[in-house]
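Have the model open beside you as you read.

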Amino acid sequence: MSEDWLSYFFAVAMILLLNYVINRLRARRYEKRVKNGQFTYCREPDLERTRKLFDMCRQRLESVGLTDLMLRDFAFQTQLTQAQCDNDAQAAAQLQSMLIEMLPHLHLLPNVKLLVTTDASKLQPGVLGEYDPGQRAVRILLQPGQRSPEVLSAALCHECLHCFLITYGITSPDPQLNEGLTEAMTCLVGFSQIMIRSNANRQLPYLIRAEFEELRKSLLAIRPKLQQQADQKRNLQAAREQLKKNISGASAMMEQAKALIAVKKAPQSRRLSAAELRQLQQTLLALENGSYTMTLRQAEQSLNGDLAAVRKADDAVLAICGSLYRLMLAF
Ligand SMILES: [Zn+2]
């Protein structure tokens, strides 16, 4: 018995020791990389925080009705090359056309200005870009070591997202959290690959590559469900439009039928069988006592219902149209 306990304690002690050694090695590896200047930033990925940011961004997009932005990656028509980045005028022109592409995608008005500068004193120290809500202007700094297509595209996306968050009132009062939200939001609205690519060269990113990858993974995981919801929404919208059209068509036919009844002309088509004649008389009766009108009113109320309710109402309306059509043919 005592030997069992001994080996149990030994195993636990070994696990704890191993865990300690692994952690020490990891810490030393990070320290070494920082010392060699391999990172301008240094920290381990905080995946828990990243997932919280993802959920916050998702909720905020849903709250402003822009869930559709999460459905696909954005592809720029404008291609930014290294040669263009090295030339001030060309870089400014290309960034401008990228901005023009991004604004409608983000449901923003095309009145956001772009100010490209090589003067670092025009921005806060250490930053590559800035958004000025007063002027509604995105400011991008062109400086040595940070002039690459990846870095400049990412800076533009980040600053544009500041404008997006402010416009839709989904910012956070805590500045640090707001930067995290802005950065994470770039991924959710379709720029995740740009952010992942940029991360190796970017100075002072709020999120690091592993975190951007985590955001993308979470996004890809929810996309099928979001797509399904979007399809359902679209189907419902289309069914409602159709029902609205059919109700107004039926109402017009109803008015015509009532006018015919008003002149008291009886059905007299020779081609009608006795059964058909009986059906027409019933239709007339229903029209006169208003039960069809009731059905149309009910159909109108069904416009607020779900897809099944809308389709059921549409079938009822089409049946009314059929009866009215046959009725009018008989006169
Ligand atoms: Zn920012």
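A residue is called buried if 20 or more other C-beta atoms lie within 10 Å of its own, exposed if 12 or fewer do, and partly exposed in between, with C-beta atoms placed from the backbone. This is a predicted model, in which local features need pLDDT of at least 70 and side-chain atom pairs count only at pLDDT 80 or more, while totals for chains, interfaces and linings use all residues. Residue numbers start from 1 along each chain as its sequence is written.

**The chain as a whole**

Of the 331 residues in the chain, 26% count as buried. Its secondary structure amounts to 10 helices and 3 strands; helices (H or I, at least four residues) and strands (E, at least two) are DSSP runs, numbered from the N terminus. Read from the N terminus, the elements follow the order α-α-α-α-β-β-β-α-α-α-α-α-α. Two residues are in contact if their C-beta atoms, placed from the backbone, lie within 7 Å. Among contacts with a separation of 6 or more, 70% join residues 24 or more positions apart.

**Helix 2 and its partner**

Which residues of helix 2 are buried? They are T50, L53, F54, C57 and L61. Seen down the axis, these buried residues fall within an arc of 105°, so they line one face of helix 2; the arc is that of the directions from the helix axis to the C-beta atoms. The other side of helix 2 carries the exposed residues E48, D55, Q59, E62 and S63. After helix 2 comes G65, with a positive phi near 70°.

Helix 2 packs against helix 6 (residues 175–198) at an angle of about 70°, their axes being 9 Å apart. Axes here are lines fitted to C-alpha atoms, for helices over the stretch in contact, and angles run from 0 to 180 degrees between N-to-C directions. The two helices, helix 2 and helix 6, are therefore roughly perpendicular, a label given to angles of 65 to 115 degrees (under 35 is roughly parallel, over 145 roughly antiparallel and the rest oblique). At this meeting, L53, F54, M56, C57, R58 and L61 of helix 2 touch G180, L181, A184, M185 and L188 of helix 6.

The expected span of a helix is 1.5 Å times one less than its number of residues.

| Helix | Residues | End-to-end C-alpha distance | Expected span |
|---|---|---|---|
| Helix 2 | 17 residues | 24 Å | 24 Å |

In helix 4, the buried residues are A91, Q94, L95, M98, L99 and M102. They fall within an arc of 145° seen down the axis of helix 4, so they line one face of the helix. Facing away from that buried side are the exposed residues A89 and P104. The cover over the buried residues of helix 4 includes helix 3 (82–85), strand 1, strand 3 and helix 5 (149–167). Just past helix 4, H107 has a positive phi of about 55°.

The 3 strands form an open sheet in the order 1-3-2, with mixed pairing. Strand 1 (113–117) and strand 2 (129–132) are at the edges with a single partner strand each, so one side of each lacks a neighbour in the sheet. The twist averages 20° from one strand to the next. Strand 1 pairs with strand 3 (residues 137–141) in the parallel sense over 5 bridges; strands count as paired if DSSP finds at least two bridges between them. L115 stands opposite R139 in strand 3. Helix 4 (residues 88–105) packs on the sheet, where it touches strand 1 and strand 3, and its direction makes about 155° with that of strand 1.
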